[in-house]
Amino acid sequence: MTNLDQFKQTYFDESAELLGVAEAGLLRLAPGQVDDDEVNAVFRAVHSIKGGAGAFGFTELVAFAHEFEAVMELVRSVRIPITTDLVDTLIRANDVLAQLVAYARDDGKPPDEFSAPVVEALRRFNVEDDDEADSAAERAPADPTPSNDTEGPETGLVDGTAGTSAQAAGRGAGGLVPVVTTPDQQTYTIVFIPKPDLLLSGNDPVFLMRALSRLGTIAVTCETGLVPPFAHLEPEHLFLSWRVRLTTDAAVAEIEDVFEFVSDESSLEITTEVASGDTDSSIDMVSDADASLKADSVEAAAASATVSATGTVATADRRRASGGDGGLAVHTIRVDLDKIDRLVNMVGEMVITQAMVAEHVRDLPPGSFQDLQEGLEQLAQHTRELRESVMSIRAQPVGSVFARMPRLVRELAGDTHKEVDLEMSGEATEVDKTVIENLVDPLTHMIRNSIDHGIESPEDRRRVGKSTRGTVHLSAQHRSGRIVIEVADDGRGIDRERVLAKAVQRGLIPSGSGLSDEEIDNLIFQPGFSTADKVTNISGRGVGMDVVRRNITNLGGRISVFSAPGKGSRFVLSLPLTLAVLDGMVISVGAERFVLPLTNIVESLRPRHNDLHSLVNRCDVMMARGRYVRLVYLHQLFGIPGAVLDPTEALVVLVEAENGERTGLVVDEVLGQQQVVIKSLEANFRRLDGVAAATILGDGRVALILDVAGVQDMNRRSSSGRARLLAAPPVSPIQTVEV
Amino acid sequence: MNSLVSSTPMAPVQTGVQAGVQAGGARGDAARGEPAVPGGPATEEQYVTFTVGDEEYGIKILSVREIRGWTPESRLPNLPDFVRGVVNLRGVIIPIFDLRARFGGGATEVTKRHVVVVIQIGERTRGILVDAISDIVTVSRDQIQPPPDVETGMINAQYLSGLYTGADRMVTILNVERLFAAVTGDVETEEATIGV
């Protein structure tokens, strides 16, 4: 029973993936744009879900998937035209399928007639070609026969191993060099793709090819497609790759041995050729190939050519070959998230312990215990690497969130009667899973906002001389240890007059407060602010952007908006890459120690008297590198007794928030840089202003990790009334209901 | 958190509390701080008792995870004085509340003899700073009297589950859930914001 449950779980996991694949494929489907691969992928996904459902006896799921599949079959065989209506129906069908899977997973029964409307819609497409579909179904089983027929001669050829060069040549096997096979021999296709820096490690593909030629007869094709134009050629880089057909009686392991020393610097794929009967005994040709290869690389080097080494050596994996159709090598495994979290926790503990040992060793008399010190340094490095590897397990490409957006844009564009294109870039940018999970809602909100408020109607766009199709650009990139996600549109930009009027009308700001453009733009993050004149089901309930900001803040992130009237708006999210560890600077104020994220620190300095100035509203500023920065006395802000009060006796750490705002934090001392494990303060307590999280230092004591932007906000609020309005609303502390 | 829960011998405590609440029976009532119904089934329960000043308080043993010695805390900014700060409990950060300060008796001058009672409320772990642990008492429900409506000494009656009077002593049974709901709930939020 438990076994079955396990299989079911796997089935549901897989179904979730397949549904995603199907949706992505369907979304790319459009009249006139039919990619066979996409269609096939969708068909296979639906088919697999149906197959699994059958095995577990989810009859309703099977029945529905069958209807879905039938229409997909028609699409696949190009017997019905792709229309927008059809694509919409298929997308709806995919939704229903997803819901049915969910019902099956939760042991629930879908309501009666749950899928009926969509089934009917599907049948509309199916009925049109009912007869044909039937005949297709009849034809389908017959299909393999002809293909078998065509394969027939080939198989015969191999079986007989009697293929003569004449025959082989006659069959014109696309430039492949035929090789004679004897019954014990096997032909492998080796695809060897070296990384560009292969040559730097002193390896030379020529030697590898020579070694291969000693194993049997080889035919080498060199792929030069990746060699860049001369101007971009990097002399020491290898841009070539090789495809080798090797006929040998050697085992796969022997072939792999040849590549043993380059395995880190290349990708190697060895496959067994079963059906191919390309045979020739021309060893001459092989050596020719070898020679020309040599010539190639020599030439390349001489001509300071980039030798691009895409050397793919294909090893025939016998196990794989014998494994039947489950032939795909397994490169990924499913791991329970809990297990990874446990690992992450343990690494966290290790980082702390390591810091603790380091602290003790630092207290030893200098010069003594040299070995211990060195060992410890190594340990520190290993710990860092271990941490990074573990974190990378949790890292996922942000594309998994982005992938949901085309659908959203499509629907919103339809609902608002606007024409919108979604462009995406940086989908491969990786970020911690927790961050990913929490990104969906804010991104959805932001895109809604862009389409609903930003992009104009086609008529309006034409009137101002823009193309009728608006564009929303969604991008992600890594920037100084954080992930920065942007949602930019080319719409009308923020209408500052309206925003201002609205804010005054709602009592968010007093009228006549002379706000800067930037300050006005930021009003949209105020709770209860909404400029939509009518409440639509898309946005306009005034719970949009302030919720976005709150979500992002809770993740330790920031959001800012840049807008140019008539040209568009750009929302920029900046988030930590991981919620687990950060590089920080430990500082002290009074008896307390705090950690400042290293990414926020510009420099630290001790101001002289004439660097300091006092402004009228009791706000001190300091001249640092030709710029005035506001000083924030941490002891004042946090009410810490016993701190150094005079800035010229203390230290000023110049910090910069993600939005570029610089502040001088007045602290007692800077104690040193350290990697710290982020611990939640909220798990057992709650969020605090100016505090991002907490950590445990080497001596086992807790230190708070400062939230630089939060500290700046606090300072603004405490020093200026007007600023109070613009500062981030005090985020209502996350309160958990006590059980 | 995971590792902690799994490696803590007293982890079952949490389940115990939840089970009690879910059961909704006699134990559930007690867990919610309802006064015992005189004449109800005489279920016996255990309480850990401790002292603050001259007063003796009790907490249901099922919510107590461990008793530990005092370790120096790290202060949290801009919070009322009864939020003593946070400490590291085997890799998990827990807040420590000063019971004396909570009830208006001023901050406790901590010595080596002071202890922290680590309690588990739902998913959350918290520490209460008290003067000393005194006892574990087994009390049947009918021995616990409902708290009087009036303020008892310096404690508001809503934080009490009841009073237990033994041969030569009186133990005030604290309703830890409510006590902490008040400490971390909206009331405190206001105070904290004012502090800013």
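**Helix packing**

Author: Helices (H or I, at least four residues) and strands (E, at least two) are DSSP runs, numbered from the N terminus. This is a predicted model, in which local features need pLDDT of at least 70 and side-chain atom pairs count only at pLDDT 80 or more, while totals for chains, interfaces and linings use all residues. Residues are numbered from 1 along each chain as its sequence is written, and chains are lettered from A and ligands numbered from 1 in the order in which they are written.

Reader: At what angle do H13(A) and H14(A) pack, and how far apart are their axes?

Author: An axis is a line fitted to C-alpha atoms, for helices over the stretch in contact, and angles between N-to-C directions run from 0 to 180 degrees. Helix H13 (residues 337-362) and helix H14 (residues 370-394) of chain A pack at about 160 degrees, with axes 10 Å apart. Their crossing is left-handed, meaning that the near helix is turned anticlockwise from the far one by less than a right angle (clockwise is right-handed).

Reader: Which residues of H13(A) and H14(A) meet?

Author: Contact requires C-beta atoms, placed from the backbone, within 7 Å. Among them are A:Ile340, A:Leu343 and A:Val361 in H13(A), and A:Leu372, A:Leu376 and A:Arg394 in H14(A). By class, this contact of H13(A) with H14(A) has 16 nonpolar, 3 polar and 2 charged residues (Ala, Val, Leu, Ile, Met, Phe, Trp, Tyr, Cys and Pro are nonpolar; Asp, Glu, Lys and Arg charged; the others, Gly among them, polar).

Reader: What packs against the buried residues of H13(A)?

Author: Buried means 20 or more other C-beta atoms within 10 Å of a residue's own (12 or fewer is exposed, in between partly exposed). In H13(A), the buried residues are A:Val344, A:Val347, A:Gly348, A:Val351, A:Ile352 and A:Ala355. They pack against H14 and against strands S12 (581-589), S20 (669-677) and S21 (691-696) of chain A.

Reader: Which residues make the contact of H18(A) with H22(A)?

Author: Helix H18 (residues 440-454) and helix H22 (residues 545-554) of chain A pack at about 150 degrees, their axes 9 Å apart. A:Asp441, A:Pro442, A:His445, A:Met446 and A:Asn449 of H18(A) are in contact with A:Met545, A:Val547, A:Val548, A:Asn551 and A:Ile552 of H22(A). Here the classes are 6 nonpolar, 3 polar and 1 charged. The crossing of H18(A) and H22(A) is left-handed.

**Length and phi**

Reader: How many residues has H2(A), and how far does it reach?

Author: The expected span is 1.5 Å times one less than the number of residues. Helix H2 (residues 36-56) of chain A has 21 residues and reaches 30 Å between its first and last C-alpha, close to the 30 Å expected. Its buried residues include A:Val39, A:Phe43 and A:Lys50. Just after H2(A), A:Gly57 takes a positive phi of about 75 degrees.

Reader: Is A:His417 buried or exposed?

Author: Most residues other than glycine have a negative phi. A:His417, however, has a positive phi near 55 degrees and lies in the loop between helix H16 (405-416) and strand S6 (420-425) of chain A. A:His417 counts as exposed because it has 9 C-beta neighbours inside 10 Å. B:Asn78 also has a positive phi, near 55 degrees, in the loop between strands S3 (64-69) and S4 (83-89) of chain B. With 20 such neighbours, B:Asn78 counts as buried.

Note on methods: Contact = placed C-beta atoms within 7 Å.
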